[in-house]
Amino acid sequence: MTPGAQRTAGLVLGGLALALAGLAPLIFTDFFISVILTKALWLGVAAASLVFLSAYGGMVSLAQVGIYGIAGMTYANLVAADGGSPAAWTPWVAVVAAILVATAVGLGFGAIAARSVGIYFLMITLAFSILVYYFFSQVTQLSGFGGVNNLDLPGLVGDPVQDPAPLYYTTLAVAVLVFLVLRYIARTPFGLSLQGLRDEPARMRALGFDVTLHRILAFTLAATIAAIAGVLSVWYNRRISPGSISLAQTIDVLIIAVIGGLYRLEGAFVGALAFALLDNYSREWTPDVGEILGPARFNTIIGVIFLLIVLASPGGLVGLWNDIWDRLRRRAGPTTGQVKGQPLRGEG
Amino acid sequence: MRGRAMNARRLLAMGATLALAAAGCGGDDDGGGGETQEGGGGGTIKVGFLSDCEGAFGSFFEPTISGAHLALIRHAGAQPAGEKPSDGISNAKVAGKNIEIVGYGCADDTADKAIEETRRLMEQEDADILVGPLSGDEGIAVANYAKEHPDKTFINGIAGAQDSTLKVQAPNFFRYHPDGAQWSAGLGDYAYNELGWKKAAIIGDDYSFPYTSLAGFVGEFCAIGGQVTKRVWAPLGEKDYSSFISQLPDDVDGLYVGIGGSGLINFVKQYQQQKGRVDTERMMGNVFWDDPLVLKEVGKSLVGGTTSAMTAADSDEAAVQSYMADLEKAYGKEIGGTGPSVFTYGYYTAMTALVKGLEAVNGDIADQKQLQAELAKVTLTGDEAPWGDVKLDERHQAISDVYLKQIVKDANGDGVPDVKTIRRIPDVEQTFGGFFTPESPAPDRSNPKCESGTPPPWVGKSEEVSFGG
């Protein structure tokens with residue numbers, strides 16, 4: 001029972017999931033493709049930007065929703081739309097502009113936030129997301145409470161209402177690309193030093209690494225990923241309002257990362273799928289229990305399920321995977337002295 | 001070792017595939033079933049219901065359902081399926097077809113959630129017709145969604161933003177109640193000509209409904225010659241209004257309050273703490289002020305204030321009395337008490353209009369264009385609209401009466417202040433005599449501008465009303 005076996009199994013499972021994802025429009029209804037799978041994919045990209053920061057940089061950031069909000073709002077104000085100050089640009093130019101603007105803001109904000117750690121980092125990033133929310137709520141020229149509606153989409157994704165498949169495949173391709181790029185970066189010297197200063201910032205500094213600069217760069221990279229999620233989200237919704245980037249959404253993205261597993265990139269997508277399924281179907285599944293429970297109280301059920309996941313597996317759903325293999329290994333007999341799979345130190 | 005690893009691998013892979021396949025099949029079945037139903041016409045008309053069970057208006061969830069159900073109980077022979085409105089409804093039938101409510105959508109006053117829930121109801125539950133939503137921005141978003149889905153029909157619940165009919169103009173979206181601006185009709189006239197206000201300030205929630213609601217006041221008050229010197233906007237559902245209250249100027253004759261939902265209760269409590277008392281003699285409030293749920297919480301502080309809307313709790317007309325009695329019979333005293341709430345009543349007229357529309361096409365919705373054509377012609381009278389006839393204009397927006405009311409001390413001994421109706425403003429229409437047009441800027445933080453001009457047609461024409469002598 002070698003770690004190699006687990007690796008192969010992981011690859012097989014990943015391959016199967018990808019094959020299934022590729023064939024999904026042939027198997028599932030339009031509704032499922034759109035509201036569950038497409039949504040899970042863009043939420044997964046947003047969560048991946050958080051998981052990347054958390055797993056490799058040790059930074060649990062609540063700013064990702066703020067950043068994707070900036071990208072979404074920028075896109076919404078640059079293409080033809082109802083509300084805001086639509087500039088009616090070509091959608092693709094708007095996409096590039098949106099990602100650049102959000103990345104630039106991420107860089108600036110990273111320069112401030114990257115100097116703090118732990119709970120202070122959490123608070124300052126939370127403040128950033130709230131700031132973005134109120135900014136767009138109050139600047140009616142850009143959004144206002146009602147947001148921007150009926151956004152123009154690039155021809156590539158067509159009309160998602162008539163046929164959700166093009167948007168789904170686009171989102172899928174982007175999600176896979178984001179996953180591969182982040183995985184690759186984690187293994188470059190930059191990624192390795194990032195993990196080094198996650199674990200031992202003092203030693204890394206002594207070795208001559210510029211800790212703050214690395215953290216700023218990681219934050220900026222995550223901002224780019226979040227910006228991509230922001231563009232995908234407005235393609236999916238065809239609208240954006242401050243409600244789309246409120247505190248509730250910030251918490252949702254954190255929940256997705258936690259239930260999926262904050263320590264592995266796969267967790268972002270597993271978590272997003274679980275979240276999309278629960279958020280949608282719990283509204284019907286929730287049983288009637290007198291005055292206490294009913295379909296209108298589906299949030300209670302979601303909360304309980306999330307609690308159970310986190311209690312049963314601190315590493316989230318992906319952590320369960322490691323636990324199963326650990327158990328199999330133990331049952332297979334004494335190990336050859338290798339260290340038990342430690343999700344906290346996951347190397348991607 | 002190797003063999004076991006293989007087994008485990010295979011097991012896991014199989015398990016995962018099965019789980020995913022099962023999830024997919026569930027979705028597939030839903031869709032498949034729906035499609036056949038749609039194609040064949042079927043014996044069931046599927047209605048999706050959309051309201052808010054979270055957010056600032058979460059407390060109106062059951063009242064809104066009770067209104068929609070009451071319409072089915074009175075006009076489609078239905079019975080409540082349980083004590084609570086959300087328990088469902090059974091045996092609703094129109095022209096021999098069953099009416100099934102396929103889901104009670106729960107949004108949270110944001111447009112995003114409303115659209116998610118609309119999609120769930122229309123695409124997953126395969127509803128033919130949607131009744132809802134509740135709140136302003138939700139209404140604009142749903143009207144836009146309606147535009148993209150011309151083969152389905154949408155009847156607004158009680159969302160009052162002006163844009164959803166005046167600007168969006170979806171051919172398959174209908175609103176059988178006045179919008180937020182219409183509800184404010186008569187208040188500007190009353191403030192200027194009766195109370196002698198020359199300068200006023202306004203405060204409201206920072207979103208489309210209060211923009212619309214306050215636009216109604218500003219449009220009328222300024223047209224006659226009044227001035228609005230300050231507009232203060234607070235985020236919807238705000239908990240701490242102190243900084244907003246301190247922005248209110250003292251050198252004005254009156255204040256128009258457009259804060260709604262749970263925010264109004266906080267606002268009134270904090271206003272009292274900060275200023276000593278709520279000086280209602282120089283205050284007006286929008287549709288929320290005399291809502292039964294609000295009166296119960298902070299009504300005592302609001303005694304003396306003036307408000308307006310399409311309902312009048314003290315009406316002694318027979319149609320109103322029987323509407324109230326039927327609601328109480330179906331759902332008991334507490335829900336029954338919300339009868340005069342615009343939330344209950346708006347959903348009641350919406351569902352009633354739908355029943356009438358379905359009767360007109362004999363329950364045949366294979367081509368919803370016909371249903372939509374009939375809905376545009378529906379007029380509600382008598383028991384169908386106990387607070388006054390409702391007809392639609394060419395943009396599918398209601399034209400109906402609005403009542404001016406005062407909140408007065410409790411006289412019937414239930415400990416909750418009463419509502420006394422003082423005026424009826426007849427036939428209020430959406431454009432205020434051409435002041436609001438599809439081209440005029442949408443009501444927002446600074447629009448409409450305060451300018452004197454042609455007053456709306458009802459200024460000076462309101463009729464004195466005194467119910468119950």
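User: Over which residues of chain A does pLDDT stay under 50?
Analyst: This is a predicted model, in which local features need pLDDT of at least 70, side-chain atom pairs count only at pLDDT 80 or more, and totals for chains, interfaces and linings use all residues. Residues are numbered from 1 along each chain as its sequence is written, while chains are lettered from A and ligands numbered from 1 in the order in which they are written. The term pLDDT is the predictor's confidence in each residue, from 0 to 100; its mean for chain A is 89, and 93% of the residues of chain A reach 70 or more. The stretch under 50, for which the model has 16 contacts beyond four places in sequence (a contact means C-beta atoms, placed from the backbone, within 7 Å), is residues 337–348.

User: How many helices and how many strands are in chain A?
Analyst: Helices (H or I, at least four residues) and strands (E, at least two) are DSSP runs, numbered from the N terminus. Read along the sequence, chain A follows the pattern α-α-α-α-α-α-α-α-α-α-α-α-α. The count is 13 helices and 0 strands.

User: What radius of gyration does chain A have?
Analyst: The radius of gyration is taken over C-alpha atoms, and the globule rule is 2.2 Å times the number of residues to the power 0.38. The C-alpha trace of chain A spans about 65 × 55 × 45 Å along its principal axes. A compact globule of 348 residues would have a radius near 20 Å, and chain A agrees with this at 21 Å.

User: What percentage of the residues in chain B is buried?
Analyst: A residue is buried if 20 or more other C-beta atoms, placed from the backbone, lie within 10 Å of its own, exposed if 12 or fewer, and partly exposed in between. Chain B has 14 helices and 17 strands. Its radius of gyration of 24 Å is close to the 23 Å of the globule rule, so chain B is as compact as a globular protein of that length. Of the 469 residues in chain B, the buried share is 57%.

User: How many residues of domain 2 of chain B are in contact with domain 1 of chain B?
Analyst: Chain B is divided into domain 1 (42–178 + 316–400) and domain 2 (182–314 + 401–464), with bounds from an automatic or database domain assignment. Their centres, taken over C-alpha atoms, are 26 Å apart. Domain 1 brings 30 residues to the contact, and domain 2 brings 33.

User: Is B:Leu195 buried, partly exposed or exposed?
Analyst: B:Leu195 is found in the loop between α7 (187–194) and β9 (199–205) of chain B. Leaving aside neighbours within four places in sequence, B:Leu195 is in contact with B:Tyr190 and B:Gly254. Because B:Leu195 has 15 C-beta neighbours inside 10 Å, it counts as partly exposed.

Terms used. Two residues are in contact if their C-beta atoms, placed from the backbone, lie within 7 Å.
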